[in-house]
Amino acid sequence: MSDPLFRDPEAPVSERVRDLLSRMTLTEKVGQVNQRMYGWHAYERTPSGHRLTDAFRAEVAAYDGMGALYGLQRADPWSGVTAETGIGATDGARVSDAVQRHVVENTRLGIPVLLVEEMPHGVQALDGTVLPVNLAVGATWDPELYEEAAALAAAQLRARGGHVALVSALDLVRDPRWGRAEECFGEDPYLAARFTEALVRGVQGPAGDHIGPDRAAVVLKHFAGQGATIGGRNSAATELGARELHEIHLVAARAGIRAGAAGLMAAYNEFDGVPCAGNHHLLTGILREQWGFGGLVMADGLAIDRLVRMAGDPMAAGAMALRAGTDLSLWDDCYPRLAEAVRRGLVEESTLDTAVGRVLALKFRLGLFERPYTGAQETEPARLERLSERVARASVTLLEHDGVTLPLSGRRIGTVAVIGPNADSVPQQIGDYTAPQRPGTGSGVLAGIRAAAPDGTQVTYARGCGLVGGDLPDLPEAVALAALADVAVLVLGGSSARESGTRFDANGAAVVASGNPVEMTCGEGVDLAELSLPEGQSALLDAVAATGTPVVVVLVQGRPHALPDLSGTAAAVLSAWYPGPWGGRAVADVLFGAAGPQGRLPVSVPRSAAQLPVFYNGKDHGYRGYVDQPAAPRHPFGHGLSYTTVEYGTPRLSLASVAADRFDGPAPVSCAVRVVNTGARPARETVQLYVRRMLGGSSWPRVRELRGFARVELAPGESAEVTFPVDAEALASFTYAGQWAVEPGEFAIETGPSSQRTRSAGLTVTPRAVTARQADRR
């Protein structure tokens, strides 16, 4: 053969891929689409350091190469990797380079391996800096802040030798009973799309053919509709029509692809009867043919094995997934047998070549053929830690307030009683998919309050009750402390902390059956039928409130709990979606007024599980409430109070009527609204733009849909005018023809501080304008 073009860094990626494919055997090709080995099985720790295992060497030899290796640096109770057995920050690059060197130097073509790591909210590895969970990120309504944090997290991953970051971004909280709600940016597709774009920009850097050495390739999870499974049960079926799929569940994915995402992960759930990993319509018809996506599609863990029940055997299941458009497997037994599937005629080798080509193209984009090894790189963990705390602070959401109790710095307080099962636990505020934290890492709410309290203020503490169940062994102590305090901060909620006794499915999802003593109320595999606070927490709240001491409730949680009316029970209620290791400091800053509450709800908070679904953008059928309770949520999407008051003027449109064809270009209409801080404290207001279709269209309209938001800083008495473009993206809907279009009709363009507090202006979209020439023809 001629000199290897694939070694030429100046050649186009497509030509390098074509040349390398022409040199590969069938066995080598199959190796490139496999990610069968768990990364923690590739090494073992010895007294003298880490060494590669015989199992890893055998896996490389079996296919004369390795496409990808998942979780080399993962540490958690499922993998069984601990601080004593795992790979810390100081060894990450060295062990990664040892893996890479073995693959490059001991295979015929020397194709580097992709090292794939989980990065749901920071790198899931020992010493990886943990960020607040995605639901907290969504509560900031600040994509720019998240983009900055994502870039530093990617640099941290790359400095340890990782190449590909797996990040949940595409799922939506359509049913908060689902345990993975914490991994979502919220319930709204527009909000999720803006954060998905920020994620891609942050992790991968500037758009282009190459991904820099301080950035990583991002694989967005999960495609598609996983947040809409029946009953909020993980991996269950969905009942989505084409409109709901496109208008709600594909919006963030489309935005991520436009931003340049390197890959997507096919979800576990089935769509229209076919699991996503084997769904040709989804992975090829929509993703490739309609959207033109040329990146990588990766299966979720063991998802391809689930196709055996449909296909009949592992070879047929692997062929089904490959034909559908799944390029890279994860842990399954089907893709290792693709060579046999090709020989049996179950799938064409050209189809395999296409998948292999996408894997190779990503390796070229990452520069792995030129720079296969990491070496020593500087990282900025302290800067990322500060960003983690900034995100946490920006996410704290004030749901209710009597207008007097907070901030605590404005009152004469001698004693603060901190009470509750989430008050003094860093593990219970950092969420699922996290590695064990080193002793002393982070700050719980109790520690944060003690550090923030003014000199002379006494801070007392009692747990009060367990996280789950109804036992109240510490209730008398908690009540006594609350009765003696000037204010009681009651820290309740849930936990996704995986304990050593937790049982797991083969794919890593937790198995927490009814009656299991493990205190895990959220996370993958932990779906709930009932969303109210556990019996013990509710009893603790009632008992502490009965003392007459003002009560501030802080909910540390990974999903919205169904809340009763607390207006007569609590002076204030705050939500702190798992805020990360330093979330305790962030909560304390908000409580004492060092920072104002900035968060806005990325989800609707239900009154009870019985009223679900309660998301704000359902179909507008004018339905009424139930006989026994209202249909409206306890707190609506977009809601969040501050320590001041902001008044909104009536929105003003630049045009009251516009022809539909004007939306083919730049936004033909703008919407302006004036907001003024009428209070005595500074405000950081999130101004929201919503659209309602009142008349017209080819499908039944939704109640309203978020189509823009902007954050403004307002000093006391200051006003600002916020202007939004009203373009095709704001008004378009998915039509019967299977296309997005702005259809003529009447629209309400609304602005306000939440989805239930808006003022509107009317906009008429007329049929496409008729030109003089068209009129003559008629």
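Start with A659: in strand β29, the bridge partner of this residue is T766. A strand here is a DSSP run of E with at least two residues, a helix is a run of H or I with at least four, and both are numbered from the N terminus. Three bridges join β21 to β29, residues 757-766, and these two strands run parallel. Two strands pair if DSSP finds at least two bridges between them.

Before I go on, this is a predicted model: local features need pLDDT of at least 70, side-chain atom pairs count only at pLDDT 80 or more, and totals for chains, interfaces and linings use all residues. Residues are numbered from 1 along each chain as its sequence is written, and side-chain values use heavy atoms, with hydrogens and water left out.

Back to the sheet. Which strands form it, and in what order? Five strands do, in the order β21-β29-β28-β23-β24. The sheet is open, with mixed pairing. At the edges stand β21 (657-659) and β24 (705-714). Each has a single partner strand, so one side of each is left without a neighbour in the sheet.

Now the aromatic rings. The structure holds 19 aromatic pairs. Rings of Phe, Tyr and Trp (its six-membered ring) pair if their centres lie within 6.5 Å; planes under 30 degrees apart count as stacked, over 60 as edge-to-face, and the rest as tilted.

Take F223 and W291. Why is this pair edge-to-face? Their ring centres are 6.1 Å apart and the planes stand at 70°, so the pair gets that label. F223 lies in strand β6 (217-223), and W291 in the loop between α10 (280-290) and β10 (296-299), so the pair ties together parts 68 residues apart in sequence. Buried or exposed? F223 is buried, at 1% relative accessible area. W291 is buried too, at 17%. Buried means under 20% relative accessible area, exposed over 50%, and partly exposed in between, with a 1.4 Å probe and protein chains only.

Next, Y616 and Y690. Their centres are 5.9 Å apart and their planes at 80°, so this pair is edge-to-face. Y616 sits in the loop between α19 (583-592) and β19 (646-648), and Y690 in strand β23 (683-696), 74 residues apart. Y616 is buried at 9%, and Y690 is buried at 0%.

Last, charges over rings. That needs NZ of Lys or CZ of Arg within 6 Å of the ring centre and within 35 degrees of the ring normal. The charged end of R174 sits over the ring of F615, 3.6 Å from its centre. R498 lies over the face of Y433, at 5.8 Å from the ring centre.
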